[in-house]
Amino acid sequence: MKKELEHYFDRLWSINRSLTGNGNRETLKILSEIIDLKISEVPCGTQCYDWTVPPEWNVNEAWIKDSKGNVIVDFSINNLHLLGYSEPFKGKLKYEELKTHIYTLPKQPELIPYLTSYYKRRWGFCMSHKQFISLDEEETYEVFIDSSLDDNGSMTIGEAIINSSAEKEVLFSTYVCHPSLANNELSGPLVSAFIYSKLKETKGLGYKYRFVFVPETIGSIYLLSQKGEYFKNNLAAGFVITCVGDSGEFTYKKSRRGNALPDRVTETVLRQTEDNFNIVDFFPSGSDERQYCSPGFNLPVGSLMRTMYGKYPEYHTSGDNKNFISFEAIEKSVEKYLEIIEVIEKNEKYINTMPYCEPQLGKRGLYPTLGSQVGTQDIVNTMMWILNLSDGTNDLISVSERSKIPIRNLIPVVDRLMENGIIKKQ
Amino acid sequence: MKKELEHYFDRLWSINRSLTGNGNRETLKILSEIIDLKISEVPCGTQCYDWTVPPEWNVNEAWIKDSKGNVIVDFSINNLHLLGYSEPFKGKLKYEELKTHIYTLPKQPELIPYLTSYYKRRWGFCMSHKQFISLDEEETYEVFIDSSLDDNGSMTIGEAIINSSAEKEVLFSTYVCHPSLANNELSGPLVSAFIYSKLKETKGLGYKYRFVFVPETIGSIYLLSQKGEYFKNNLAAGFVITCVGDSGEFTYKKSRRGNALPDRVTETVLRQTEDNFNIVDFFPSGSDERQYCSPGFNLPVGSLMRTMYGKYPEYHTSGDNKNFISFEAIEKSVEKYLEIIEVIEKNEKYINTMPYCEPQLGKRGLYPTLGSQVGTQDIVNTMMWILNLSDGTNDLISVSERSKIPIRNLIPVVDRLMENGIIKKQ
Amino acid sequence: MKKELEHYFDRLWSINRSLTGNGNRETLKILSEIIDLKISEVPCGTQCYDWTVPPEWNVNEAWIKDSKGNVIVDFSINNLHLLGYSEPFKGKLKYEELKTHIYTLPKQPELIPYLTSYYKRRWGFCMSHKQFISLDEEETYEVFIDSSLDDNGSMTIGEAIINSSAEKEVLFSTYVCHPSLANNELSGPLVSAFIYSKLKETKGLGYKYRFVFVPETIGSIYLLSQKGEYFKNNLAAGFVITCVGDSGEFTYKKSRRGNALPDRVTETVLRQTEDNFNIVDFFPSGSDERQYCSPGFNLPVGSLMRTMYGKYPEYHTSGDNKNFISFEAIEKSVEKYLEIIEVIEKNEKYINTMPYCEPQLGKRGLYPTLGSQVGTQDIVNTMMWILNLSDGTNDLISVSERSKIPIRNLIPVVDRLMENGIIKKQ
């Protein structure tokens with residue numbers, strides 16, 4: 001999987017993504033090679049709750065040159081150089097005037113910051129602080145931004161569903177509005193697409209699986225304006241997939257509810273499979289979980305990340321690049337999500353069909369016939385726990401918690417007891 | 001405030017207070033200069049639940065002299081010398097007989113104990129153990145107690161109310177039955193009176209504030225016999241104000257309920273403003289919270305003290321005097337109660353009027369228009385927490401607990417969001 | 001009591017007990033000298049839930065001899081030598097064939113294991129591994145098992161009830177199916193019988209007390225098939241009495257409910273009377289609590305043991321013999337169960353008949369008349385706690401937990417307040 005991941009990463013890397021624009025269309029088209037995306041266009045100006053879809057932004061060319069024609073910065077070299085949603089501009093400016101349009105990171109002088117101005121019209125350039133202080137203060141600069149902000153354009157979103165006969169669904173939400181940033185956020189779209197490609201072959205799924213690729217904030221707000229009420233009734237679990245590409249420990253940010261299905265499953269999986277990991281309570285900043293967990297929806301949506309947004313110095317800078325991430329880590333992120341899905345699928349409440357005293361397991365070939373042999377009690381221990389707790393109040397996570405038996409050890413025994421008809425699904 | 005506190009302390013110090021009597025009348029009259037007390041008289045013999053208001057006790061003169069006329073102890077020098085509610089007596093007694101009427105503290109030989117015999121008729125004197133062992137065992141002593149116990153007298157109580165349009169009220173209860181004892185209990189009446197004088201100017205209060213000055217036990221029992229059923233329906237929070245004059249850390253004794261409004265507010269305020277403090281679970285000995293928290297009432301009444309009654313060696317002795325207390329500490333006690341009142345006033349459950357996704361704060365001038373700038377997320381963090389949790393289930397204390405943002409930082413942001421109509425009171 | 005315990009132990013030690021058979025009859029007959037057992041016979045083949053009472057097993061003689069007639073093992077020397085429920089056999093076998101019928105403990109080479117094959121027909125012998133490896137591999141052995149498995153026999157059980165006017169009952173369940181094993185399980189039947197003999201003299205008991213002596217598993221399953229529905233309505237607390245004979249610390253295994261009456265009482269008693277003890281959450285292996293706590297019944301049944309089954313190396317071996325146990329420990333086990341019974345009897349919810357403010361204890365002679373004397377507050381502290389918490393929601397265990405006053409100090413004060421009519425039973 002690693003080679004494939006790198007292949008797609010390389011193809012997607014230099015595309016200029018934003019809330020809207022052709023870069024987003026191209027990104028979704030490439031991802032469609034992995035995941036069966038239905039791509040749709042939402043007209044600019046569409047109202048969703050308190051928000052409006054902004055004009056479509058596209059950029060042909062953008063640069064600063066000095067009076068001798070030397071290129072200072074050029075959008076075609078690194079799309080982070082242009083302030084996101086910069087309006088068109090053409091002119092010659094003295095240093096003093098130009099510098100009010102320049103954004104840098106004085107504390108990280110080698111790095112270009114990532115900045116946007118979606119809802120207030122501006123233009124600007126981002127550069128390393130090192131370059132900024134080397135500019136000639138006596139110079140007059142030529143600025144050219146050939147961008148467009150089109151009220152008649154649209155916002156592009158992608159969606160794929162793995163269908164099943166189930167009513168309830170599981171949501172994976174990731175965002176495609178970041179330009180050349182690797183962990184945040186090419187890792188999320190890549191992980192989402194590969195989860196889909198691994199999961200789609202599975203037969204007999206107990207949930208529908210929905211994958212959405214939207215621009216952050218406005219995209220999930222649009223989605224909720226369309227599906228929010230439906231999600232309230234039908235969403236069993238959801239995950240915002242972001243920052244899953246670096247080599248750091250897994251970090252799970254809980255849903256606002258704190259003990260919803262994704263929270264219980266993910267905590268159990270991490271606890272039982274990882275030595276080191278972080279569980280973080282919900283907080284109302286971050287990514288699209290802010291919208292999914294707004295008080296009017298309060299959906300069961302958490303986020304399994306690696307190093308969380310804002311917690312690594314390269315965050316929202318040109319340092320978040322291919323060197324910062326690891327394709328091995330991205331692959332493991334896909335696998336961890338698949339483990340979570342497996343537990344979601346198996347996490348039923350079971351019913352012991354013979355709840356009065358123990359069933360006689362021996363006559364069913366499930367118990368050693370030679371009684372009282374020291375040690376043999378352990379062999380049937382797992383069976384006993386499942387039978388004892390299968391009263392319709394405990395799901396498999398509860399059984400795992402109370403018995404301290406890892407859920408992956410419970411699953412095959414559940415299957416065997418199901419086959420024997422000693423337990424059934426509630 | 002410190003000078004004023006000392007002025008009133010000095011005027012009140014030497015007055016002989018008890019369950020009843022002219023000393024109590026004089027005390028309440030002096031306090032009326034600070035707080036608009038309505039003073040009333042409850043006839044002796046009045047029945048309240050299992051109790052009866054005792055006869056009114058007054059003392060003109062009380063002393064012991066030796067056969068040479070030397071004064072051994074004199075009530076006019078220190079009113080602790082006379083056992084509280086001593087009946088009148090005049091006579092000459094041998095040492096052996098006298099000593100059955102003398103109370104001392106052998107383990108604190110320098111200090112005079114504070115003792116009373118309200119409900120059994122006795123007479124007695126208290127003195128330092130040092131003085132007691134210096135008495136001449138061969139001597140015959142002259143004893144004179146010119147006291148009266150009048151069944152036709154009355155018990156004097158004071159009450160002041162800061163009115164508002166609110167139905168619910170907050171109670172401050174303190175007691176005026178202790179003679180020359182400083183921390184326990186001139187500090188409580190002084191703090192209560194000064195809270196009143198600071199609070200009465202406040203406009204638009206959300207609660208009524210009731211201040212009662214009663215003798216301990218029989219006074220609060222009488223009050224409950226009159227107002228107990230009303231308090232059950234209308235008391236939002238109450239505090240017994242006692243032992244608030246020494247320089248020790250604050251100690252909060254919870255109400256019997258344990259998580260009532262005064263408990264939650266006081267714990268939050270102490271946690272967020274003090275480095276060191278004590279929280280003590282309710283226990284059914286102590287002061288008037290015993291009555292307010294008796295099982296038939298179970299009112300939301302706690303007690304914010306400094307060093308708790310019984311926890312300092314000077315407690316109920318002549319060592320609890322002006323040297324033991326600090327007017328700076330008393331002033332800070334007043335201020336801490338005022339901080340608590342401020343939180344009680346602000347601790348509403350708010351409702352986010354735009355609960356579906358986030359409101360677009362930017363277009364309301366509440367959000368930086370330049371997105372993705374590292375650090376700016378923190379600026380709106382408080383707003384986001386309030387918006388996310390304002391679903392009608394969380395009061396401001398809950399918001400503070402979950403967000404870990406001090407309540408005093410929440411209050412101005414709540415005000416701003418209220419002005420913008422983005423939240424409203426439930 | 002120790003002498004008596006040893007006397008009965010010695011008489012019961014060498015009897016061959018199993019699920020069924022004359023050894024069980026003889027055991028119950030001897031125990032009837034201590035406890036008024038009603039002994040009944042359940043026909044073999046009786047169906048109870050998923051189980052069937054097995055044939056009655058009796059053994060006359062069983063041994064292995066070598067070709068020279070030397071006895072290798074003999075059931076009459078130690079009944080552990082014969083695999084429980086061995087079918088009859090007579091024949092000569094080569095070593096290679098014989099050894100498939102020999103069971104040993106290679107890791108405990110000095111000890112004979114205890115093994116059974118109740119539900120699959122087999123024959124076999126148990127011996128020390130040391131003896132096993134000394135057998136001559138060239139030898140031909142003579143094997144003789146004169147046993148019978150009679151489908152027309154019966155399973156013998158014993159039951160005794162201490163009656164009272166109460167509807168609710170307390171169950172003590174122990175098992176009589178182990179041959180010569182001391183801690184597990186002659187200690188349980190002995191302790192049960194002696195609890196009965198101590199308790200039966202008590203007047204005015206607030207519960208019925210039922211003592212059952214059954215073979216493990218099939219016996220309790222039979223009992224539940226008869227009484228399970230009755231127990232659901234009427235069982236207040238139950239205890240499986242097993243492994244109560246060694247000198248180890250007490251271990252309490254909670255009921256499946258975890259906070260049922262036996263759990264709360266036993267935890268309180270252990271916490272307040274023992275320095276070292278273990279509390280173990282319910283788990284669905286072990287002894288007859290597996291059946292009582294099966295999900296269809298979920299009865300309030302725990303088990304107070306000393307060193308738990310499986311937790312000592314002598315468990316289920318010939319090492320669990322008279323040397324392993326202590327009659328002093330057995331006596332203390334009886335006493336600890338009697339302490340638990342005392343708390344069960346006293347653990348009422350009381351009602352303060354004067355719940356509005358405090359009753360005036362002084363006029364009832366329950367309070368020192370000399371007020372404010374340092375130290376005297378402690379004298380009435382226990383009374384105050386009981387009065388304050390006697391609101392019908394707290395039983396005596398709750399009062400003990402909240403007040404931190406040991407329950408044995410509460411009991412005499414409860415009695416005194418009951419006499420004065422200040423509290424009453426709910």
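In chain A of this predicted model, Val42(A) stands opposite Met155(A), a residue of E10(A). The two strands concerned, E1(A) and strand E10 (residues 154-162) of chain A, pair in the antiparallel sense over 6 bridges, where pairing requires that DSSP finds at least two bridges between two strands, and where strands (E, at least two residues) and helices (H or I, at least four residues) are DSSP runs numbered from the N terminus. Residues are numbered from 1 along each chain as its sequence is written, while chains are lettered from A and ligands numbered from 1 in the order in which they are written. Because the model is predicted, local features need pLDDT of at least 70 and side-chain atom pairs count only at pLDDT 80 or more, whereas totals for chains, interfaces and linings use all residues.

The pair E1(A) and E10(A) belongs to an open sheet of 8 strands with mixed pairing, whose order in chain A is E1-E10-E12-E11-E13-E16-E14-E15. Strand E1 (38-43) and strand E15 (277-280) of chain A are at the edges and have a single partner strand each, so one side of each is left without a neighbour in the sheet. From one strand to the next the twist averages 20°. Helix H5 (residues 187-199) of chain A packs on this sheet and touches E10, strand E11 (169-175) and strand E12 (208-214) of chain A, its direction making about 150° with that of E11(A); here axes are lines fitted to C-alpha atoms, for helices over the stretch in contact, and angles run from 0 to 180 degrees between N-to-C directions.

At the level of domains, whose bounds come from an automatic or database domain assignment, chain A is divided into domain 1 (2-54 + 153-346), domain 2 (56-150) and domain 3 (349-425). The C-alpha centres of domain 1 and domain 3 of chain A lie 36 Å apart, and their contact takes 6 residues from each of these two domains, residues being in contact if their C-beta atoms, placed from the backbone, lie within 7 Å. On the domain 1 side of this contact, helix H7 (261-273) and helix H9 (327-346) of chain A each supply at least two residues, with H7(A) giving the most, 4 residues. By class, that side has 2 nonpolar, 2 polar and 2 charged residues, where Ala, Val, Leu, Ile, Met, Phe, Trp, Tyr, Cys and Pro count as nonpolar, Asp, Glu, Lys and Arg as charged, and the others, Gly among them, as polar.

Strand E17 (residues 349-352) of chain B and E18(B) are joined over 2 bridges in the antiparallel sense, and Lys349(B) stands opposite Asp395(B) in E18(B).

Between the chains, 23 residues of chain B are in contact with 25 residues of chain A. Helix H11 (residues 381-389) of chain B contributes the largest share of the chain B side, 4 residues. Chain B is superposed on chain A (RMSD 0.1 Å) by a rotation of 120° with 0.1 Å of shift along its axis, which is the relation of a three-fold axis; the superposition is by least squares on the C-alpha atoms of residues with pLDDT of at least 70 in both copies. Of the residues of chain B, Asn259(B) comes closest to the rotation axis, at 13 Å (C-alpha).
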